[in-house]
Amino acid sequence: MSKTLPAVTHLQVLVLEAVSEGDEVGRDLRDRLAGRGVRSSAPAFYQMMARLEEAAFVEGWYEQRLVAGQNVKERRYRITRRGRRALAETRTFYLNRSFMLNAAKKRSHA
Amino acid sequence: MRLCRRLTPDALRVSAFDPAVADLERDWATGRRRRPGSTGRAAAYLSLALECRRLDAQGRLGQMSARVNRESWPMSFATDFRRAVRVLAHQPLFAAVAILTLALGIGANVAVFSYFDTFLLTRLPVPNAERIVRVYSMTPAGATDIISYPTFTEIQKEASGLVLAATAPTTVLLTDRDVTENRETELVTGDYFRIMGLTPLIGRLLDAQDDVAEGAHPVVVMAESLWRARFGSDLGVIGRTIRLNGHPFTIVGVVPAPYRGTLGASMADLWAPVMMQQVLRPRGLTLDNRGWGWLSMVGALAPGTRVNRADGSLALVAADLNRRFPAKVPLKLMAQPAALLPDRERQAIAPYLRLVAVFTGLILLAASANLAGVMQTRVIARRRETAIRQSLGASRWRLVSEWLAECLVLSVCAGLAGMIVARGVVSTLIRLKPPAEVIGNVSFDAPFDWRVLAFAAVTALMAGLLFGLGSAWRAALVPPGAVLKEEVGTMAGGGRGARWRRALVTIQVAVSTVLLLVAALLASGLLRAQTLTPGFETDHLALVTFRLPPSALAPGPQMFTPALLSAIRKAPGVTAADVTRSVPLEPGQDGEDFRIPGHVERDGGATGIDDAVVGAGYFDALGLKFVRGQAWDPATEGRRDKVGSIVINETMAKQFWDGRDPVGSTIEFVSNGPVTVTGVVRDTAYYEVGEAPMPFVFIPAESLRPHGFTLVVRTAVDVNSMLATLTRVANQVDPAIVAATAFSFTSMRSAYLAPQRLLVTGAAVFGVLALLLTGLGLYGVVSAAVAQRTREIGVRMALGACKSQVLAAVFKDALALVVVGTVLGLLAGYSMAGSLRTWIAGVDPLDPRLYGLVTGLLALTAGVAAWTPARRAAGIDPVTALRGS
């Protein structure tokens with residue numbers, strides 16, 4: 001069990017979790033975050049994504065698509081192996097934490 | 001878009017701005033967001049760029065800005081307020097001047113609003129206020145509220161959905177224990193107090209049992225204030241007998257304060273049954289006279305009834321009455337929620353209030369503009385501080401909110417001080433009120449209620465925002481880098497700030513020009529009204545009104561006046577005297593219809609001509625000269641039942657006789673019969689000095705026998721010393737005749753001009769105030785400009801400019817500021833000038849001297865304001881200036 005704190009923040013965990021199921025368009029990712037109550041401006045969101053890219057947790061690229069007869073550009077993201085590892089580590093960290101906490105609570109009740 | 005991209009910090013351009021733009025465009029393409037116009041798109045890109053800048057700044061400034069931004073909104077505002085209070089407490093002089101300036105503006109507005117509130121918005125102070133209505137009978141000219149007693153009883157019987165009562169104002173002579181005085185009285189029908197829902201303080205109020213037979217109910221109730229002042233709050237007053245107009249009346253109750261009747265601004269002291277009108281409002285007429293309109297109606301809506309339903313039922317009643325009693329003008333009835341003042345008075349007061357509200361609004365504007373200028377200077381003085389704070393991570397909104405907090409603290413203090421100012425204005429007006437014998441028992445008080453408080457709060461906040469927003473925004477726009485790099489000596493602010501301050505000063509100049517011009521126009525008009533002679537000598541003229549015993553009013557050939565008149569004419573110091581029904585130069589017109597041979601009106605009807613009912617000696621008493629013929633013979637006229645002769649004025653002779661001699665010709669007096677013209681008198685002013693000449697007819701009082709008249713007495717000595725003598729002489733003739741009022745013509749004139757004088761004083765005070773503010777504003781702008789140009793002036797002087805050239809340059813600068821504002825102000829003032837005639841007839845809206853005077857005053861102010869900065873500029877030492885600091 002890792003003793004150190006996880007490398008990613010709660011917000012980043014949310015993002016990593018979202019992209020872990022497959023590629024995702026930035027716009028949709030932002031909507032999913034908003035659905036979980038995390039509302040941010042587009043630049044703020046992409047700044048965060050850029051940091052995740054810098055840390056090589058995700059990989060991002062532009063894609064050209066035809067939408068409603070118009071060519072549009074969108075930025076897509078996919079999780080990297082390093083990203084998956086970070087996500088898994090974070091999950092384990094918090095699971096262990098909660099397990100220990102529960103155990104401590106039971107002891108104190110007993 | 002490209003421009004916005006360039007605005008974005010390098011670090012975020014590719015990583016955040018580009019994908020955000022891509023998303024935005026995708027949203028527009030998919031229709032998730034409506035595709036905006038090019039401006040909207042530019043705004044969207046710009047907001048992305050600004051957001052990126054914010055993120056960048058936040059990222060770079062790290063911890064500190066994060067902490068600042070995390071503070072919750074109310075918390076940070078509270079912090080700002082505390083800071084603002086501390087800052088202002090450190091500069092008590094600035095704070096005091098700013099608060100005082102604004103308080104004057106706010107106070108004037110609150111005072112005007114409190115009058116507006118009292119006169120136009122307040123309801124009657126009774127428990128049922130929201131259900132009380134006034135019922136007006138409508139004429140084509142607008143609402144009038146008088147109807148006859150028989151008509152009232154019909155309406156009362158037939159109207160459904162509301163209970164009605166009738167009232168009429170009168171002034172009675174109240175005699176108790178040998179003290180006699182005038183008291184405003186409201187005559188009321190039986191349901192009156194029930195409608196108001198009032199309960200007596202002591203005793204009982206008037207009710208249906210006092211409303212049975214004419215002349216059979218000598219009972220009276222009085223207002224609490226009269227009971228306390230005159231009867232010492234004596235509980236034993238119930239059942240006591242007092243004399244009203246010489247007749248015994250029994251006091252049956254006391255009406256609790258603050259109720260003072262439905263008479264409007266004139267407050268009732270007594271209430272008596274309408275049934276006693278013959279004694280209390282002597283006109284020699286009985287209640288059953290259908291042609292005598294004299295009553296107003298008030299009513300209470302039945303619970304759950306709306307005003308428009310009551311209106312419907314009144315329309316039915318009116319239609320029924322019109323069918324049964326066809327009249328020339330059909331009766332139309334309308335109910336309106338009852339305000340404290342009747343409609344007629346509200347309409348008379350509203351334009352005055354509107355004009356004064358324009359003055360006070362302008363003053364507030366000038367005060368706000370002045371403060372905005374001062375705040376602007378503070379923004380500049382604190383640029384360095386602002387820039388440092390900004391580079392340490394304070395957000396723009398944070399800076400704006402700090403400045404706003406400072407302005408709001410000032411405006412809240414000013415609002416509180418403004419309430420005190422407003423109270424002071426109201427109590428000054430109460431003190432300036434014309435004497436009661438001229439204008440009656442009119443209240444000038446305007447108590448503050450929640451509406452006034454709300455108005456004061458809103459005004460203060462609006463003023464705070466008005467002068468605060470501009471400077472707050474400018475404070476936030478300070479570019480930190482530029483300021484921190486800025487050299488000392490050019491600290492006076494950039495060109496944009498200077499332009500903004502110049503605009504503010506222009507507003508102030510324009511406002512004070514308008515106010516000064518209006519004050520000057522009004523003052524010159526008033527001066528003209530006071531100095532112009534009305535066409536007769538106004539000195540040594542006394543006006544005495546009498547209350548007649550009912551015996552004197554009995555119809556018959558014998559009038560009491562001959563005895564009284566001869567006694568007064570014989571009194572020492574009296575040179576001439578006679579009666580008139582209408583006093584000259586008093587508001588209120590009378591007119592009669594005539595048919596003049598050889599003259600046909602366009603509609604084929606009779607010609608309406610204004611008239612006065614006067615005694616034959618009136619012309620001598622007033623000093624009116626006859627151009628042709630003479631007055632009628634009083635003895636012959638006195639024996640007639642109908643009017644037999646009249647006197648006309650010059651204009652009428654010119655207009656209808658066309659150069660022929662009208663004396664001896666006969667015309668038809670429509671409501672009377674044929675009358676002969678016995679003389680033509682010179683034109684004088686009849687209602688207002690300076691009015692256009694109009695045809696006028698004098699009708700003999702000897703044959704018409706008017707009820708209620710004024711005695712015009714010409715004296716050889718000072719009028720004021722004569723008044724007591726005149727009263728005594730009248731009492732000697734018949735103890736039942738009492739002089740109700742006696743005063744000199746000049747005092748009456750000046751009392752009637754009191755509202756106009758008040759208006760002029762107000763405009764002048766506001767004008768001077770605005771001028772003072774303008775001077776301060778100008779001083780600020782000019783001295784800032786001098787400070788900013790120190791180096792430039794130094795260079796010029798080093799290159800050989802002499803002191804006088806520098807002085808001239810500064811003065812030219814100040815004058816240039818004034819010119820635009822003055823021209824704007826003069827134009828605005830001119831557009832208002834025409835309407836000023838409504839208030840003062842003598843106003844000449846194009847008097848070039850006044851325009852010159854105002855312009856000169858403004859130029860003088862500019863000169864005085866620029867003097868010190870100009871001297872400072874001329875005293876600049878080129879060496880020091882060039883060295884920089």
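**Entry 1: two helices side by side**

Are H12(B) and H16(B) roughly parallel or roughly antiparallel to each other? Before answering, I note that this is a predicted model, in which local features need pLDDT of at least 70 and side-chain atom pairs count only at pLDDT 80 or more, while totals for chains, interfaces and linings use all residues. Residues are numbered from 1 along each chain as its sequence is written, with chains lettered from A and ligands numbered from 1 in the order in which they are written.

I found that H12(B) and helix H16 (residues 450-477) of chain B pack at an angle of about 25 degrees, with axes 8 Å apart. My labels for helices (H or I, at least four residues) and strands (E, at least two) are DSSP runs, numbered from the N terminus. Axes are lines fitted to C-alpha atoms, for helices over the stretch in contact, and angles run from 0 to 180 degrees between N-to-C directions. H12(B) and H16(B) are therefore roughly parallel to each other. I keep the scale here: under 35 degrees is roughly parallel, over 145 roughly antiparallel, 65 to 115 roughly perpendicular, and the rest oblique.

Two residues are in contact if their C-beta atoms, placed from the backbone, lie within 7 Å. Sorted by class, this contact has nine nonpolar, five polar and one charged residues. The classes are Ala, Val, Leu, Ile, Met, Phe, Trp, Tyr, Cys and Pro as nonpolar, Asp, Glu, Lys and Arg as charged, and the others, Gly among them, as polar.

**Entry 2: one residue in H12(B)**

I then picked Phe359(B), which sits in helix H12 (residues 343-381) of chain B. Is Phe359(B) buried or exposed? Phe359(B) counts as buried because it has 24 C-beta neighbours inside 10 Å. The cut-offs are 20 or more other C-beta atoms within 10 Å for buried, 12 or fewer for exposed, and in between for partly exposed, with C-beta atoms placed from the backbone.

Leaving out residues up to four places away in sequence, Phe359(B) touches Leu515(B), Gly762(B), Ala763(B) and Phe766(B). I also looked up Val511(B): it is 152 residues from Phe359(B) along the chain, yet their C-alpha atoms are separated by 9.2 Å.

H27(B) and H30(B) pack at an angle of about 30 degrees, and their axes are 9 Å apart. They are therefore roughly parallel to each other. H27(B) passes H30(B) in a right-handed crossing. The residues in this contact include Leu771(B), Leu778(B) and Val782(B) of H27(B), and Leu857(B), Val864(B) and Pro869(B) of H30(B). By class I wrote down twelve nonpolar, four polar and one charged residues.

**Entry 3: buried faces**

Which residues of helix H28 (residues 790-798) of chain B are buried? They are Thr790(B), Ile793(B), Gly794(B) and Met797(B). Seen down the axis of H28(B), these fall within an arc of 105 degrees, so they line one face of the helix. The arc is that of the directions from the helix axis to the C-beta atoms. Their cover includes helices H27 (754-788), H29 (803-836), H30 (848-874) and H31 (878-883) of chain B. Just after H28(B), Gly800(B) takes a positive phi of about 115 degrees.

**Entry 4: the chains and their contact**

Chain B comes to 31 helices and 22 strands, and 42% of its 885 residues are buried. Chain A comes to four helices and three strands, running α-β-α-α-β-β-α from the N terminus on. Of the 110 residues of chain A, 23% count as buried.

Methods
A crossing is left-handed if the near helix is turned anticlockwise from the far one by less than a right angle, and right-handed if clockwise.
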